[in-house]
Amino acid sequence: MFAYVVRRVLATIPVMAVVALFVFSLLYIAPGDPAAVIAGDQATPADVERIRQSLGLDRPYLVRFGAWLWDILNGDLGTSIFTNLPVSTMIAQRIEPTLSLMVVTLILAISVAVPMGVVAAWKQGTVIDRAVMAFAVVGFSVPVFVVGYLLAYFFALEWDLLPVQGYTPLSRGVWPWLQNLILPAIALGTVYIALIARITRATMLEVLQQDYIRTAKAKGVGQAGMLFLHALKNAAVPIVTVIGIGIALLIGGAVVTESVFAIPGLGRLTVDAILRRDYPVIQGVVLLFSFVYVLVNLAIDLAYTLFDPRIRY
Amino acid sequence: MLRRDLLAGAGLAAAATALPRFGIAQPAQARVLRYVPHANPGNIDPFTNTAFVARDHAFLVFDQLYGMDEQFRPVPQMVQGHVVENDGLLWRFTLREGLRFHDGSAVRGRDCIASIRRWGRRDAFGQVLMSRVADMTEESDRVFSIRLNRPFPKMLEAFSKVTTSCLFVMPERLANVDPFQNITEAVGSGPYRFLRDEWNPGSRLAYARYADYVPVPSGTTSMTAGPKVAHFDRVEWNIIPDASTASAALQSGEIDWWEQPTADLFPAFLRGANARNIAVDIINNSGLIGIFRPNHVTAPFNNPAVRRAVLTAINQMDFMTAVIGTTGIEARRDLRREGIGYFAPESPSASNVGLDRLQKSIEAARAQLQAAGAMGQRLVLMNATDLASINAATLVGADLFRRMGFNVELVSTDWGTVIARRASRNPLEQGGWSGFFTFWSGVDHWNPASHASIRGHGENAWPGWPTIPAIEAQRDAWFDAPNDAAALAATTEMQRIAFEEVPYVPTGMYYQPTAFRRNLTGMLKGQPPLFWNIRRA
């Protein structure tokens with residue numbers, strides 16, 4: 001097991017190298033010139049060229065890539081072209097809101113979606129099952145920003161229960177922190193709840209047909225115990241897989257959700273950086289997201305062994 | 001205790017923790033002004049960052065040698081006064097006593113000189129000044145002089161300008177930074193201190209009232225002139241890129257002031273409960289002027305006759321209706337304005353010469369196009385869809401060009417790509433472009449000094465690169481104009497030439513409303529949003 005974990009961690013290195021090459025190349029060929037953005041409207045072509053040189057944007061592709069890679073290997077993500085702040089500082093400023101949003105969304109989604117899926121499978125063909133499936137279809141179909149605007153309209157404007165926008169750090173208290181995250185987490189989590197609920201239901205339906213479930217029933221195991229201890233544990237592997245895959249959905253959705261609720265997270269940082277062609281920031285954030293995704297996949301693989309003892313690495 | 005009692009108690013306790021947000025915290029909140037600017041400043045250097053939002057930030061932090069009142073007259077601000085000697089070739093300025101930067105150091109003549117030098121490298125007005133400066137000398141801590149090799153009558157207009165790249169005074173150590181590199185700290189001597197530790201780029205900027213600020217002892221506060229008295233302990237800028245969210249935040253009272261509500265959302269503030277709590281007004285009386293910039297170095301707009309045909313066809317009201325709509329506000333029943341020439345209509349540079357070229361006639365334009373041999377020619381129009389006003393104007397323009405008889409190819413992209421692509425002077429088949437629509441603030445078109453789009457200095461001109469030496473000659477004449485009449489004569493001639501040569505096509509003007517909670521009073525009119533004089537009732 002330990003050897004497997006070490007192997008997987010080491011395997012992230014070539015993956016990250018490919019991601020780095022891909023990200024850098026994509027930005028290199030993408031249209032846009034940060035020097036022209038910085039120079040402003042009154043600058044002459046010579047001014048723009050001077051800025052381009054000072055930023056090192058006039059150097060050949062391989063030289064720029066090599067320099068960037070070297071800096072990355074030395075733990076330096078570079079400096080923002082526009083703010084002149086280190087990219088690592090900007091990411092550090094933004095990571096807490098995004099992490100908070102994702103954690104709250106994950107907790108909310110799993111704690112709602114898994115019971116929903118289990119109950120839908122248990123009550124297959126009933127009104128409850130149909131209601132869960134209808135919610136899943138709607139939840140999966142309605143865009144995050146639509147849900148966000150509706151929530152903000154009712155919960156913030158009409159009923160004045162929660163703030164419309166912004167983020168309060170956890171250091172200022174749990175409730176102020178949570179206040180700003182409830183609506184965004186529901187907006188972002190809706191599609192995730194729909195996805196997990198559907199998978200849970202489908203997997204549970206299959207497991208509930210198994211012989212050992214019939215045996216458990218015959219032995220007099222209670223309904224809740226049978227569903228959540230015996231059946232759910234055996235249905236867990238596909239569910240955990242979907243939860244892992246869904247983290248990519250969360251990262252994508254966070255970009256929109258952070259814009260709708262004005263949360264100063266990494267998603268907004270990425271969008272701002274793309275619009276301004278702030279290459280070091282884009283590269284840094286995409287690398288970070290890639291790294292997180294690789295780690296999540298590793299964690300999911302390891303989690304399989306907890307739910308299914310037959311799986312060994 | 002029953003479980004439900006326990007849960008009920010927990011619920012009440014949770015509710016109680018929320019109460020301070022609405023109750024106890026109120027007095028502290030009342031001393032904070034929460035503002036949503038129209039954009040994210042990006043960086044905090046007022047010279048390298050030519051965006052309006054960077055200027056707005058700078059007016060909080062930095063002070064100017066001269067302010068400008070609502071009538072656009074220069075008024076001493078940091079200086080006590082000046083004398084002009086030697087037939088206008090020597091200007092001597094004396095600073096007011098007690099001026100200090102936010103780091104505690106005194107404002108000295110050498111700081112002013114270094115700031116003028118840095119500004120003069122980046123700003124078009126400053127560049128003209130610097131081309132005439134023989135030397136600048138600090139005569140004492142509070143006195144500095146500028147010796148010219150040619151008179152520069154517009155000195156005070158240059159020092160007090162309120163459009164982008166204003167002359168802000170910063171400590172010498174910051175002003176000595178290469179003008180093509182950003183400064184990384186904002187230390188000024190203005191009424192508010194920039195709280196760098198709280199700066200979260202793209203999300204929030206915060207400012208604290210500068211206790212040692214010494215306002216001008218007399219005079220009337222008017223735009224950037226007169227005493228700058230800060231009434232709020234703290235000003236917070238919250239960057240909210242989504243218009244619906246900013247609208248909701250203003251309605252719920254989470255913010256006090258939204259600088260530029262969008263055309264589709266501000267009408268909601270004029271009705272019902274919103275109207276009781278939210279005021280919609282115009283503070284930027286110079287408006288926003290739309291333009292179509294043709295590319296003068298590629299066909300078909302390298303032919304002046306084709307550019308004039310666009311002038312013949314254009315209906316400015318169509319463009320402004322698409323941009324701002326037809327809803328008016330109390331201060332102005334119609335936010336649109338047509339009959340716009342090459343200078344802001346309220347400016348001392350404005351005239352009516354050439355306006356009869358705007359005939360609103362597609363048929364006449366088609367005939368002109370036919371005569372010029374450009375009927376059916378291909379146009380590549382760049383459209384920045386991430387900017388609502390530009391997108392609206394471009395769509396109207398594309399339709400107009402099609403009706404005129406052009407073969408229009410619309411390239412929809414973002415502003416960052418437009419900026420990059422517009423630098424290309426290549427022909428259309430090699431990635432070139434024919435034109436794009438954009439907006440300038442009215443103060444940019446106030447006089448020839450800051451008017452980049454009218455200039456005709458060829459390769460060094462703003463993308464589009466018109467070569468119109470006659471306009472450049474009149475621009476020079478304006479700088480040397482000894483009085484207002486001579487200045488107006490120069491700008492009138494510039495406009496006459498512009499309607500012949502068409503460096504760009506004016507597409508109209510609109511007034512951008514601002515929206516704020518009604519408990520704010522003392523908001524200053526003028527160009528930039530200003531944070532002194534304003535207070536909570």
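Author: Chain B and chain A bury about 3800 Å² between them, and 48% of that area lies on carbon and sulfur atoms. This is a predicted model, in which local features need pLDDT of at least 70 and side-chain atom pairs count only at pLDDT 80 or more, while totals for chains, interfaces and linings use all residues. Residues are numbered from 1 along each chain as its sequence is written, chains are lettered from A in the order in which they are written, and side-chain values use heavy atoms, without hydrogens and water.

Reader: What makes an area "buried" between chain B and chain A?

Author: Buried area is the accessible area (1.4 Å probe) that two parts lose on being put together, summed over both. The value of about 3800 Å² therefore covers chain B and chain A together.

Reader: Which residues of chain B and chain A form a salt bridge, and why is it called one?

Author: The term requires a side-chain nitrogen of Lys or Arg within 4 Å of a carboxyl oxygen of Asp or Glu. In Arg50(A) and Asp178(B), the closest N and O atoms are 3.1 Å apart, so the pair qualifies.

Reader: How many residues does each chain bring to the contact?

Author: Contact means heavy atoms within 4.5 Å; chain B brings 50 residues and chain A 41 residues.

Reader: What makes a residue of chain A count as buried?

Author: A residue is buried at under 20% relative accessible area (1.4 Å probe, protein chains only). Of the 313 residues of chain A, 48% count as buried.

Note on methods
Buried < 20%, exposed > 50% of the residue type's maximum accessible area, 1.4 Å probe, protein only.
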